[in-house]
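Here is a short briefing to read alongside the model.

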Amino acid sequence: MDVMHIKVFFFLLYICMTPVSKYGSDVDNEEGSAAENEENVKGTAGKRATPRTRRGHARGRARRGGEEDEDDEDGTRRAGHRRHRNRRGQGRAAGKEGSDSDGDPTKARKNEANQKSKEGDEEEDEKGGKSGKGKKEKKQDKKPDKKGKKEKANKKKKDKKKSGSGSDSDSEEEPITEEELAKLKEEVEEKKKLIATLRNKPWKMKKKLSVLKEAQLFVEKFEGALGKGKGKKFYAYKVMMTKKWMKFQRDFENFKTACIPWEMKIKEIESHFGSSVASYFIFLRWMYGINMILFGLTFGLVMVPEALMGKPYGSLPRKTVPRAEEASAMNFATLWDFSGFAQYSVLFYGYYNNQRTIGWLKFRMPLSYFLVGVGTIGYSFMIVIRTMARNANEEGGGDDTSFNFSWKMFTSWDYLIGNPETADNKFASITTSFKEAIVEEQESRKEENIHLTRFLRVLANFLALCTLAGSGYLIFFVVRRSQKFALEGLENYGWWERNEVNMVMSLLGMFCPTLFDVISSLENYHPRIALRWQLGRIFALFLGNLYTFIIALMDEINLKLEEEKIVKYNMSIWEANLYNGTIPENSTAPPIQVDPADVPRGPCWETMVGQEFVRLTVSDTMTTYITILIGDFLRAVFVRFFNYCWCWDLEYGFPSYSEFDISGNVLGLIFNQGMIWMGSFYAPCLPAINVFRLHTSMYLQCWAVMCCNVPQERVFKASRSNNFYMAMLLFILFLSTLPAVYTIVSIPPSFDCGPFSGKTRMFEVISETLEHDFPSWFGKVFGYASNPGLILPFILLMVLSIYYLNATSKSYKEANLELKKKLQSVRNRELLKK
Amino acid sequence: MGNKQTIFTPEQLDAYQDNPFRQRIAEVFSEDGDGNMTLDDFLDMFSVLSEMAPRDLKAYYAFKIYDFNNDDYICKSDLEKTVNKLTRNELTPEEVSLVCEKVIYEADVDNDGKLSLEDFQHMIIRAPDFL
């Protein structure tokens, strides 16, 4: 959708830049010259339209009005000659340009005779015979195009390419009948279809080019004819615009491809490590794109308006650092922790004022905040589902094992490898896989092992569950402890206690996957299945961690809500004290000017939540980077340099160089994104931080992969995993939106901070906007529409349509299977006939 | 910019010589069947090998590549050559012949002992890894 809008915009710009005049003169000339340049520069480029001057056609035909006895080819060639002459003047191969456009039939015919004699059947000969021109010109000459009005009957033509009838646009001598027109239209459509699918045909390039030229010539010749008498100008204009649009599309595609960032880096990695590792980086790049858009939304619509048009820092109590914290507000430690000045800025929820409109633009800040929050989630959903649908279309069929050996033979080589070491690994893995398949084929299954395998698998699953439960409890315990610390005041504890939760989560994320790996060696699955189990377990681990974290946060939120009541009470006392000293309470007096920093502040749970997420993201990033540096880089340095003075061979033995852990990294990326989605409503700075993180991550990981990792031993292709990752991403997206939506809908916003302060629920901003800003009938309509009596049937309708679509898709699948079976039986029958 | 090179030393070029079917690819797309290509053939090759080419087109050309003796059928000897190229002659001859028999058994639909274009296409279109 978005791409289409951008395209249309640029197309209009493009049109403005190229001169547009009435169809016939300039367009042809310009396209002719453009085509010339293109032909000269780009050689054979496929579908480029090389138009002929219509006037050339017309002139040719008009001139030959009297020459009724020429046959097809001659006429074509003459017209061709005339065209060329009109466009290019000299520089022609001898013998062709003899034909004089003022009509010298004999000479022309002689030239044509010469021409004919020179021409053989093969295009190659013709090409070889001429000189000085591109192939295209020669093919034009040979093209047996339609000739004059005499050639009415299509039925006479045996060869499709020669077909064509109807008069040309300029000659008024014979009217076209309706059926001929229809037939002509049909043929033009056919030719157009041929042009469109030409790339997919398995012919040699020359054949393709000649067919293309013919078809294009034909189409171009008759498009004008078709439009005759039926608003020809408009039709011609339409055709011209279509051509321009196609040309523009191709240029736009080229431009788009050139703009893709990091393409060279990824290709290099692909050639060294195979397509599965590269798929991780492609995924990273895609996430970067999404985050850029989210960043654009939050930055442009929330942070910038508030920064530019909202009340400046220090004017309101909520926008100022409280007096108590002022001393340490600028310390690096405080800033790194995202408190102090960072907390009281546009980066977090608490800074925003609940004024309905701000600035001279009357920008509705609370509404924009709410809508941006909802919009980021909605956009993410849309784009993930769209990508999934696209991926699903490309994958065909199911997991057939009916062609095991054939597929091994024909599709196992990864053509994207460009490095001898990887190639060696690939050869070895192919050999191993063949041997395994042979052995499996030859051996009969040993019955005894099944029970052992089953027992081992059950044991492995049990161990994995224990690990998961253990990690969940550990996080819960740590969070409880940190709450205890918070109650006692954080100043008494050191760095570890303060960041305990984050550190524990990151450490768990580092060590548990390896544990799962060890456990999975008990299970003895096929590697692909083992990978899926591994991914599933790590996924469950991260999910458990995340949700425990959220539950802990909910506890804190409730605490803060309790605190609010107390603070409200305290504030009223404080105000009373302020007034006591000066004026009695009853009279209306101007409010005393108090420095905003001194006003007692209510607790702000939203900012607290935002801060937690930001801290978690930052610590996660740091952990990843440090892991890469230590786990990969230092290990590689150690192996490389200590190999000389060590007892066993380090490179082949224990540490050796590390391989790139695709699944771990992808999961880390997905969970990172989940945290962003959860937290971006409360901390608008999160997408910005994430963009920065992904950017540096790309460079760091590209460098680390090329420098410290070795290609994997089992090099397998990334083909089916893409949708698996997308499915996980979708799941995480759904899970991330749940907490945010829950808090929006059911927890009252803080009374003292944020754009929704003072309301009972955050979504009330919508109803408020409807009341004030829209005409009254709109509000009424909305009121009717949000009636439960209307919404429930609507939901029911949607559920029913989902069910129906599911049923039809199942029936299509079954029909598909039936057809396959029929095909098979037809083949068998033919076999028997033989 | 960056690490792009435009001039390769012979040693570096050697490092890229790992595609086991490089000779066949060149032969299939070349004019004279010998591996010499004009610009058109070169473009043809890249057009087929690109990501945007439809699968049946790729299947057609893949068939031609694997057909070593150019007889429009993939027979057992073609298969043997393929396997040996893929594994760099690491498998024993019995294993090789077993593999070839399995392939013919799996993919040969019209039961003539060799793979025709239809057999091949029918088999390869379903493959998830076919790029």
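Rings of Phe, Tyr and Trp (its six-membered ring) count as a pair if their centres lie within 6.5 Å. In this predicted model, there are 24 aromatic pairs over all chains.

**Aromatic pairs in chain B**

- For B:F42 and B:F46, the ring centres are 4.9 Å apart and the planes meet at 75 degrees, so this pair is edge-to-face.
- Both B:F42 and B:F46 belong to helix α3 (residues 39-49) of chain B, where they sit four residues apart, about one turn of the helix.
- B:F42 has a relative accessible area of 38%, so it counts as partly exposed.
- B:F46 is also partly exposed, at 44%.
- B:Y60 and B:Y61 make an edge-to-face pair too, because their planes stand at 85 degrees, and angles over 60 fall in that class; their ring centres are 5.4 Å apart.
- B:Y60 is partly exposed with 21% relative accessibility, whereas B:Y61 is buried with a relative accessible area of 6%.

**An aromatic cluster in chain A**

- One aromatic cluster is formed by A:Y349, A:Y352, A:Y369, A:F370, A:W605, A:F681, A:Y682 and A:F756.

**A buried isoleucine in chain B**

- B:I65 is found in helix α4 (residues 55-66) of chain B.
- With a relative accessible area of 9%, B:I65 is buried, because the cut-off for that class is under 20%.
- Once neighbours within four places in sequence are set aside, the contacts of B:I65 are B:F21, B:R24, B:I25 and B:V28.
- Take B:F21 from that list: 44 residues separate B:F21 from B:I65 in sequence, yet their C-alpha atoms are 7.9 Å apart in space.

**Cysteines and disulfides**

- A disulfide is a covalent bond between the sulfur atoms of two cysteines.
- How many disulfides does a search of the whole structure find? The count over all chains is zero.
- Here a pair would need cysteine sulfur atoms within 2.5 Å.
- Is A:C702 buried or exposed? A:C702 is buried, because its relative accessible area is 4%.
- A:C259, by contrast, is partly exposed, with a relative accessible area of 46%.

Key
Residues numbered from 1 in each chain as written. Chains lettered and ligands numbered in written order. Predicted model: local features only at pLDDT ≥ 70, side-chain atom pairs only at ≥ 80, totals over all residues. Heavy atoms only, no water. Buried < 20%, exposed > 50% of the residue type's maximum accessible area, 1.4 Å probe, protein only. Helix = DSSP H or I, 4+ residues; strand = E, 2+ residues; numbered from the N terminus. Contact = heavy atoms within 4.5 Å. Phe/Tyr/Trp six-rings, centres within 6.5 Å; stacked < 30°, edge-to-face > 60°.
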